[in-house]
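Here's a quick walk through one model, taking the helices and then a few loop residues. Have the viewer open as you read.

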Amino acid sequence: MIERRHPRLKEYDYRTAGAYFITICCEHRELWFDSKLPYREIADQEIKSFSERYPYLEIPKYVIMPNHLHLLMVMDDSVPIEQRKEIPRLVGELKSLSTRACRKAGFPKEHLYQASFYEHIVRTEQDYAEIWQYIDSNPQKWEEDRY
C-alpha cells in the first residue's frame, strides 16, 4: 500500500485570509476536460457558482486544462476565521460537487480527480501576478507539455 504524503504546512491555518494557487489533476491524468466532452463545461459552471456559497471566498482566475485545473482562490476576512472552511475542505467540496454533476451527465468512473491537490500559498503581489500570468498562458503551453 502506498503511503500518501500530505503536502500541507502543518503549522499553517488554511482559513487565513489570503490567496492560494490550487492545481487539481484528473485521476490518472485522463483527459476528462477535453473540449469534446461535456465535463469541461460542467466543471466551469461549478467553479463559477462555488464562490456564491461562501461570502469570504473568490476565484478571480482559473483555467480548465484537458486533464487538470488551475485556480487562484482568494479568502478574505469578511467573516471570523472560525467560521471559514479550510482551503483543503473547500477544494474537497469543489471536487465533490463537480464530480457529482459530471456523473449526472454520464461520467463513467467513480473518481474524476486524484485524491489530493497541489497548493501554493501566495505570499507577495509579484507572486500573485506571476501566477495570474501562468494561468493565462497555460493553455498555449499545452501542446508543449501535456503532463
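## Helix H2

The expected span here is 1.5 Å times one less than the number of residues. Helices (H or I, at least four residues) and strands (E, at least two) are DSSP runs, numbered from the N terminus. A word on the set-up: this is a predicted model, where local features need pLDDT of at least 70 and side-chain atom pairs count only at pLDDT 80 or more, while totals for chains, interfaces and linings use all residues. Residues are numbered from 1 along each chain as its sequence is written, and side-chain values use heavy atoms, with hydrogens and water left out.

Which residues of H2 are buried? They are Ile87, Leu90, Val91, Glu93, Leu94, Lys95, Leu97, Ser98, Thr99, Ala101 and Cys102, where buried means under 20% relative accessible area, exposed means over 50%, and partly exposed lies in between (1.4 Å probe, protein chains only). Their cover includes strand E1 (18–25), helix H1 (39–53), strand E2 (57–64) and strand E3 (68–75). After H2 comes Gly106, with a positive phi near 105°.

H1 has 15 residues and reaches 21 Å from its first C-alpha to its last, close to the 21 Å expected at 1.5 Å a residue. Its buried residues are Tyr39, Ile42, Ala43, Asp44, Glu46, Ile47, Phe50 and Ser51, and what covers them includes E2, E3 and H2.

Now for the packing of the pair. The axes of H1 and H2 come within 9 Å and cross at roughly 135°; these axes are lines fitted to C-alpha atoms, for helices over the stretch in contact, with angles running from 0 to 180 degrees between N-to-C directions. The two helices are therefore oblique to each other (under 35 degrees counts as roughly parallel, over 145 as roughly antiparallel, 65 to 115 as roughly perpendicular, and the rest as oblique). On the H1 side, the contact (heavy atoms within 4.5 Å) is made by Tyr39, Ile42, Glu46, Ile47, Phe50 and Arg53, and on the H2 side by Leu90, Glu93, Leu94, Leu97, Ser98, Ala101 and Cys102.

The loop between H2 and strand E4 (118–122) holds Leu112, which is buried at a relative accessible area of 0%. Its C-alpha is 5.9 Å from that of Thr99, 13 residues apart along the chain. Leaving out residues up to four places away in sequence, Leu112 touches Cys26, Glu27, Trp32, Phe33, Ser98, Thr99, Cys102 and Phe107.

Tyr113 is in the loop between H2 and E4 as well and counts as buried at 6% relative accessibility. Beyond four places in sequence, the residues touched by Tyr113 include Ile24, Cys25, Phe33, Ala43, Leu69 and Lys95.
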